[in-house]
Amino acid sequence: MLTRKQHELLVFIDRRLKETGVSPSFDEMKEALDLKSKSGIHRLITGLEERGFIRRLAHRARALEVLRLPENMEGAPAQGAGFAPKLIKGDFRLPPAAQAAAARNAMQIPMYGRIAAGTPIEALRDTATVEVPAALLGAGEHYALEVQGDSMIEAGIFDGDTAVIRRCDTADNGAIVVALIEGDNEVTLKRIRRRGASIALEPANRTYETRIFGPDQIKVQGRLVGLLRKYD
């Protein structure tokens, strides 16, 4: 039997994985459950793992997989000995009309090249386009960048992911943004924090250091709104 907080965390992780395909970060889990420290999240995750509800994925920092849901939770898989799924054989390819409808629900946005999730690199100009589900995009102008590096892995952002960015020049404190470092003409994907008159670009990997800049050194070029990932 799960505690109330364990149940809340499991529901949050499952919903986030279904919505984005990416595990929430520890900070996001802490805020969602209104906890004061990440140590509480560590204990809850360990408890869920010991009870067989989730699994930590090897070689992927803080990446989680939901193995099962409580039986009283909507959409939970049936449990127990002797369970055998009923398989329906057939051709499940979308008919032409449905394929056309699916195509109408996708949009092409410019792919600007690679952005460092570690040491900043120069931004590349528009060279191609990428197809993105329309549901992932809201109002405004969007573009895509290929993530390079591992400094955001604890936020579920991995090397080779495609970051979907909404173009903007401001962002809330704690948002993951594309930041231009003025003078160097370099960009990086980091979490932005304003500390008095300074701006901090925070990685999501404890092996990297937070970098502090003056208020005139950083220009926000967009905010992360989604990720695309290919599985081989």
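1. Of the 232 residues in the protein, 39% are buried, where buried means under 20% relative accessible area, exposed means over 50% and partly exposed is in between (1.4 Å probe, protein chains only). Please keep in mind that this is a predicted model, in which local features need pLDDT of at least 70 and side-chain atom pairs count only at pLDDT 80 or more, while totals for chains, interfaces and linings use all residues. Residues are numbered from 1 along each chain as its sequence is written, and side-chain values use heavy atoms, with hydrogens and water left out.

2. The protein has four helices and eleven strands; these are DSSP runs numbered from the N terminus, helices being H or I of at least four residues and strands E of at least two. Counting contacts (heavy atoms within 4.5 Å) between residues at least 6 apart in sequence, 57% join residues at least 24 apart.

3. Now to the inside. The largest nonpolar core has 19 residues; such a core is a set of buried Ala, Val, Leu, Ile, Met, Phe, Trp, Tyr and Cys residues joined through side-chain atoms within 4.5 Å. Strands β3 (106–116), β5 (142–148), β6 (162–166), β7 (176–181), β8 (186–195) and β11 (218–228) each give this core at least two residues. L224 is among the residues with the most contacts inside the core, and beyond its neighbours within four places in sequence it is in contact with I157, A163, V164, I165 and I176. Apart from this core lies another, of 17 residues, including L10, F26, L44 and I45.

4. Helix α1 (4–20) has Q6, L9, L10, F12, I13 and D14 as its buried residues. Their cover includes α2, α3 (38–50), β1 (54–56) and β2 (64–66). The end C-alpha atoms of α1 are 24 Å apart, in agreement with the 24 Å that its 17 residues should span at 1.5 Å a residue; the expected span is 1.5 Å times one less than the number of residues.

5. Helix α3 buries G40, I41, L44, I45, G47 and L48. These residues lie on the same side of α3 because they cover an arc of only 160° around the axis, the arc being that of the directions from the helix axis to the C-beta atoms. On the face turned away from that buried side, α3 carries the exposed residues R43 and E50. Cover for the buried residues of α3 includes α1, α2, β1 and β2. Just after α3, G52 takes a positive phi of about 80°.

6. G21 deserves a look too. This glycine follows α1 with a positive phi near 75°, in the loop between α1 and α2 (26–32). G21 counts as partly exposed because its relative accessible area is 37%. Leaving out residues up to four places away in sequence, G21 touches R16, R229 and Y231. G156, 135 residues from G21 in sequence, is 9.4 Å from it in space, C-alpha to C-alpha.
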